[in-house]
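Reader: Could you walk me through how to read the ligand site and the pockets in a model like this?

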Amino acid sequence: MCLFCDMLEGKIPMDVVRETGQSVAFRDINPQAPTHVLVIPRRHVENLGALAEYPEELADVVALGASVAEEEGLEAGFRMVANTGELAGQTVFHAHLHVLGGRRMAWPPG
Ligand code: 5GP
Ligand code: ZN
């Protein structure tokens, strides 16, 4: 069972922001910034790096993230984050890009 696959199948509702044939962008249920959108490929792979096996789909996820950032008015700055592995904070093992913005970001990240 994969939470995001269940969402893509319509079993769990998602607040979709924008979608393409290969990817879906939707609002995170527990936002960490004024804008916090998750961008996922429709294909199930464990993390964003694994999606590099499908370069067009990887590019689609990144391009959709950039489009969402533009639509959300984040031109002053935003983060695209891909937590990879438990130690990095990954909790859902279906590739996803976090698009975070609308506030000043700290560096280094926590
Ligand atoms: P990760 O921790 O794997 O990098 O990111 C998983 C993200 O999924 C978290 O930011 C978490 O808030 C979000 N999330 C978990 N369950 C749900 C859900 O049911 N709906 C939505 N929209 N986001 C979720
Ligand atoms: Zn999945």
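Author: We'll go through the ligand, then the pockets, then a peptide bond. This is a predicted model, where local features need pLDDT of at least 70 and side-chain atom pairs count only at pLDDT 80 or more, while totals for chains, interfaces and linings use all residues. Residues are numbered from 1 along each chain as its sequence is written, chains are lettered from A and ligands numbered from 1 in the order in which they are written, and side-chain values use heavy atoms, with hydrogens and water left out.

Reader: Which residues come nearest to ligand 1?

Author: A residue is near a molecule if one of its heavy atoms lies within 4 Å of it. Here 16 residues are around ligand 1, and D28, N83, G89, T91 and H98 come nearest. By class, that shell has 7 nonpolar, 7 polar and 2 charged residues (Ala, Val, Leu, Ile, Met, Phe, Trp, Tyr, Cys and Pro count as nonpolar, Asp, Glu, Lys and Arg as charged, the others, Gly among them, as polar).

Reader: What about polar contacts?

Author: Look for a pair of N or O atoms within 3.5 Å. A backbone N or O atom of R27 lies 2.9 Å from a nitrogen atom of the ligand. For T91, a backbone N or O atom is 2.7 Å from a ligand oxygen atom, and a polar side-chain atom of H98 is 2.8 Å from an oxygen atom of ligand 1. The protein covers 82% of the 520 Å² of accessible area that ligand 1 has on its own (Shrake-Rupley method, 1.4 Å probe).

Reader: Where does ligand 1 sit?

Author: A pocket is an open set of points on a 1 Å grid over the protein atoms alone, where a 1.4 Å probe fits, with protein on both sides within 12 Å along at least five of seven lines; lining residues have an atom within 4 Å of a point. A molecule sits in one if more than half of its atoms lie within 2 Å of its grid points. Ligand 1 takes the space of the largest pocket, which holds about 390 Å³. Of its 21 lining residues, F4, D28, I29, L38 and V92 are closest to the centre.

Reader: How big is the second largest pocket?

Author: Its volume is about 340 Å³. The lining has 14 residues, with R79, V81, L100, P109 and G110 nearest the centre.

Reader: And which residues does the cis peptide bond join?

Author: Most peptide bonds are trans. In this model, a cis one joins W107 and P108, with omega about 5°.

Note on methods:
A polar contact is a pair of N or O atoms within 3.5 Å; within protein, one must be able to donate a hydrogen and the other to accept it, and residues adjacent in sequence count only if both atoms are side-chain atoms. Grid points are joined across faces, edges and corners, and a volume is the space filled by probe spheres set on the points.
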